[in-house]
Amino acid sequence: MHSAKGFYTVGEPIIDEKSPAGPIETRWDRRRFGAKLVNPANKRKLTVIVVGTGLAGGSAAATLGELGYNVKSFCYQDSPRRAHSIAAQGGINAAKNYRNDGDSVYRLFYDTVKGGDFRARESNVYRLAQISVEIIDQCVAQGVPFAREYGGLLDTRSFGGAQVSRTFYARGQTGQQLLLGAYQALARQIAAGRVEMHPRTEMLDLIVVDGRARGIVVRDLVTGGVSTHFADAVVLATGGYGNAFYLSTNAKGCNTTAIWRAHRRGALMANPCYTQIHPTCIPVSGEHQSKLTLMSESLRNDGRVWVPKQGGDSRAANDIPEGERDYYLERTYPSFGNLVPRDIASRAAKHVCDEGRGVGPGGLGVYLDFADAIRRLGRAAVEAKYGNLFEMYQRITGEAPYEVPMRIYPAVHYTMGGLWVDYDLRSTVPGLFVIGEANFSDHGANRLGASALMQGLADGYFVLPNTIGDYLADGPFETVDSAHPEVTAAVSEVVDRITALLLVNGDRTVDSFHRELGHIMWEHCGMERTEEGLRKALKLIPALREEFWRRVKVPGGGEGLNQSLEKAGRVADFFELAELMCVDALHRKESCGGHFRAESQSPDGEALRDDAEFSYVAAWEYAQPPVLHREQLTFEHVEPTQRSYK
Amino acid sequence: MAVSGVALLLFVVAHMVGNLKVFLGPESMDGYGRWLRSIGSALLGNEGVLWVLRIGLVVMIVLHMTAAIQLARRARAARPESYRARRPVQGSYAARTMRWGGVIIVLFVVYHLLDLTVGVLNPHGVHGEIYRNVTADFQLWYVTLAYTVAVLALGLHIRHGIWSALQTLGVSSARVVQTAALGFAVFICVGYLSVPFAVFFGLVR
Amino acid sequence: MRLTLRIWRQSTKDDGRLVDYRLDDVSEDMSFLEVLDVLNEELILAGDEPVAFDHDCREGICGMCGMMINGVAHGPERATTACQLHMRHFADGATITVEPWRAKPFPVVRDLVVDRSALDRIIEAGGYISAPTGSAPDAHAVAVPKPDADTAFESAACIGCGACVAACPNGSGMLFTAAKITHLGVLPQGQPERDSRVLDMVRAHDDLGFGGCTNTGECTAVCPKGVPLDSIGRLNRDLLRASLRPRR
């Protein structure tokens, strides 16, 4: 076996000191009781910066404002209402057990730990399950229009293979409605003067003074002006980094800059290789493709996945006779069939396409066929269930799924990794807190469906506002002088970097580099990773990064709105992160959750975890090469098992 | 806008009912005119109440026009730079022509007053002989044409006006209201146009 | 496909003008924004300034994109945002005029990018329910009749893109305002602030320089989420009710 050594060094183990031991049911209570409180009169003397206005950032800024802190909120979009949480379709889990179908906090906890393939902390996940209940109450009180039954009570559905019906939803727009709830709460605090809002403002660096996170360097995207903002604590809620793959279901603007810059300033990055790839997205139609659109997983309840038996079969789908079709999921996984978990469905699709049996442009797609369902249930019933999804598909592809099978292909959807945080959601930099998708905390190596919204809101509404006080109780901290060497250094680094990007004046566009980086990541650090592939990626990425700094062409200047410049800075950071993702993937020789190493599989091709060797969180310190700090994971409540879907 | 519009609409309906008396003959029509002038004469003298109504009407027209001008000014201020290419998607013809339609109606009303109230522009022009004045008018093709254009403008104005007024006053079932408004506008047009056409085609002499 | 894009270019307050760009190799599978991407790549390599336009999610939900395409907000397809509009709806050889939203409260930042923060100001004026975190009763404490929940949802679907304002001949933001009034006003949770909400939001709307509503219905016709015109009727009803009652 090869060794990944050389790409990293190993440092001291790291432990989460904030999580109380003892009975798991009372850990959150005991932590809240143990945490120091901030004197109410002191709160207005304390300033907190919150970067990002999605479910986590929006809810945190609003709640901190309600508590009486001075909050400064930042987002790159033109309004806090547009953060990409808005695009979440499916729903939000909560252990309400309104259905009386056997759900409980413990079951949601159990399912989440198991779904994360035993790579998440039990304490965090248990707290998440506990808080899930309060989230629904909070959102309903704010006026979130969840789906209701005729009796006027909330409707729920079962989601992502869960055996209980615990997912609350608002048609296919749950994320939008939850985000608007948080946005409205935030708007109320803005109007009350508790939150100072800075839209179209991008964080470009973290300011650390005397070992504490004390502010950020930002660029006003309209004027181009670079400025600093100071605070007693900084909260990053800047989302995931799926756009390292260029094509993903993320919004175009989603980026890693905030967390990557914080990482460079000392925050550890945990499990960066854990990426969730969603099996049912609309395939790429050509080189111009700028983004991938997700379609609800529920489609697999009635659709049958197939490809032609013969590679290179160029007949239209409906001309391929039944005998020449390969319903490969039903064939390989007879008991779960088309409903195997996301990662298995995604990987299987990649395999058949790699064999040359893929369909559609470029051979990157498989059929999801509703002909049987239409025959069995009738067109009307299928329309009632999936009508809006079919419409969306037709709008994008111009094909009607009632007549021809849909084409689907997997796409990067969510990143479980992120900045390392303790039970208080504090990073390794004192005063720097990280919430939502930007941290690594609750999903382990894979995330259950309808859990992202739950985590974002749990962090923002309930966890952070309670834990940040423990840190702020020692404040207000000494006023930061903007002439402090750490501050001027951070500002000049930002300015120099912008200047450097503008000065290259090469012959390739930012997008062309981003696309190429994405291609490398997708090929070698995507659904299936191999030692060889990752090593190759670790050669290609630095070379491409070097080329980027030599050949990129960023038109315009630093003043005023310059969207190419914004993109260039983000892509430059993606290069660095992508490399760390590959190092992490290379070092983790086991397969777990969203991370599948071809070398680690059971004889029948299943992902094989290695608990003896890898039952830890990999927290990376920024250095050349990066330093690995392990946080050992222990499982007192949920016994780790290998899953099987055969 | 909505309130003054509703008041004006009530006048339009009452006026139409009066017009239809043409079909009952000269006595009915002229008698109606005398009655109008004499309402409440015991209290306010001849034409007393009529003048109160007239003043009320003028106030409503002024209010309606003021509101319209304010809205138009706000609209202009809200879009200082206009689109180079513009294509309305749905906005009904009626909705888009409210402002010009209003101007046409006002111009017509001025002529109409000089014609049939003051009488100076009327070919017959004898005060009190309403029936004769009317029939003299509509034997002329251009008078009939002008009248028709004005009534159609009024119809369009009412079609959007009724629905818009109700929406402004808080009725919120667009489709029902829109259909009702269309029906009402057609009713008004037919009512008003029946007189000139009946005269023009010789059904009423 | 071959296309001519006639795009509004503007970098300072007064230098706006339409500029023609030829594109010879447009795929009908491209979205409208992807065509702009392709154009921008060409412009950058030719040493020109790319066209600035707002966009983010590219799946029709964030509300960031928005432009007048051939004189229609978000282009010719109903209930579709510009990012979800595909080129198969255009004829080969067509000339397509692209302009920014135009309204006084939406000043042009650059090219097709406008500042829509006025919409945030309207929400800040009262487009919320005061429910501080932690204060909520159990979610099932109050049942909400399904028809009310559905009406609330229909209006809550607004993505705040500003197409209603852009399309309105009066430059009015009434559909946007009414969507929030309706969403919160039909729910039991929204009752305590119902009067103050409508008064404050409408005042903010008027003060920001939006035009008055004359119920032309252009707004709902171009709304990518089909927020119904009825919501404006509801707003007016609430406004009337609130205005007639003494303010507490």
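Between chain B and chain C, 23 residue pairs are in polar contact, both residues being at pLDDT 80 or more. A polar contact is a pair of N or O atoms within 3.5 Å; within protein, one must be able to donate a hydrogen and the other to accept it, and residues adjacent in sequence count only if both atoms are side-chain atoms. On the side of chain B that touches chain C, helix H4 (48-78) and helix H8 (141-168) of chain B each supply at least two residues. Helices (H or I, at least four residues) and strands (E, at least two) are DSSP runs, numbered from the N terminus. That side of chain B divides into 14 nonpolar, 11 polar and seven charged residues. Here Ala, Val, Leu, Ile, Met, Phe, Trp, Tyr, Cys and Pro count as nonpolar, Asp, Glu, Lys and Arg as charged, and the others, Gly among them, as polar.

The model is predicted: local features need pLDDT of at least 70, side-chain atom pairs count only at pLDDT 80 or more, and totals for chains, interfaces and linings use all residues. Residues are numbered from 1 along each chain as its sequence is written, chains are lettered from A in the order in which they are written, and side-chain values use heavy atoms, with hydrogens and water left out.

The contact between chains B and C (heavy atoms within 4.5 Å) takes 32 residues from chain B and 43 residues from chain C. One salt bridge is counted between these two chains, the term denoting a side-chain nitrogen of Lys or Arg within 4 Å of a carboxyl oxygen of Asp or Glu. Arg74(B) pairs with Asp206(C) in a salt bridge, with 3.0 Å between the closest N and O atoms. Of the two pairs of chains that touch, chains A and C have the most contacts. Chain A and chain B, in turn, are joined by no contact, and their closest C-alpha atoms lie 20 Å apart.

The table gives buried areas, that is, the accessible area (1.4 Å probe) that two parts lose on being put together, summed over both.

| Parts | Buried area | Share on carbon and sulfur atoms |
|---|---|---|
| Chain B and chain C | about 2900 Å² | 49% |
| Domain 1 and domain 3 of chain A | about 3500 Å² | 60% |
| Domain 1 and domain 2 of chain C | about 890 Å² | 56% |

Within chain A there are domain 1 (9-272 + 416-472), domain 2 (278-413) and domain 3 (485-615), with bounds that come from an automatic or database domain assignment. The centres of domain 1 and domain 3 of chain A, taken over C-alpha atoms, are 24 Å apart. Their contact involves 40 residues of domain 1 of chain A and 44 residues of domain 3 of chain A. Arg119(A), Phe245(A) and Tyr246(A) provide 21% of the area that domain 1 of chain A buries against domain 3 of chain A, more than any other three residues. Seven salt bridges are counted between these domains; Arg265(A) forms a salt bridge with Glu493(A), whose closest N and O atoms are 3.2 Å apart.

Chain C has domain 1 (3-99) and domain 2 (116-129 + 143-244). The contact between them draws 15 residues from domain 1 of chain C and 12 residues from domain 2 of chain C. One salt bridge is found across this interface; the side chains of Asp54(C) and Arg116(C) meet in a salt bridge at 3.7 Å, N to O.
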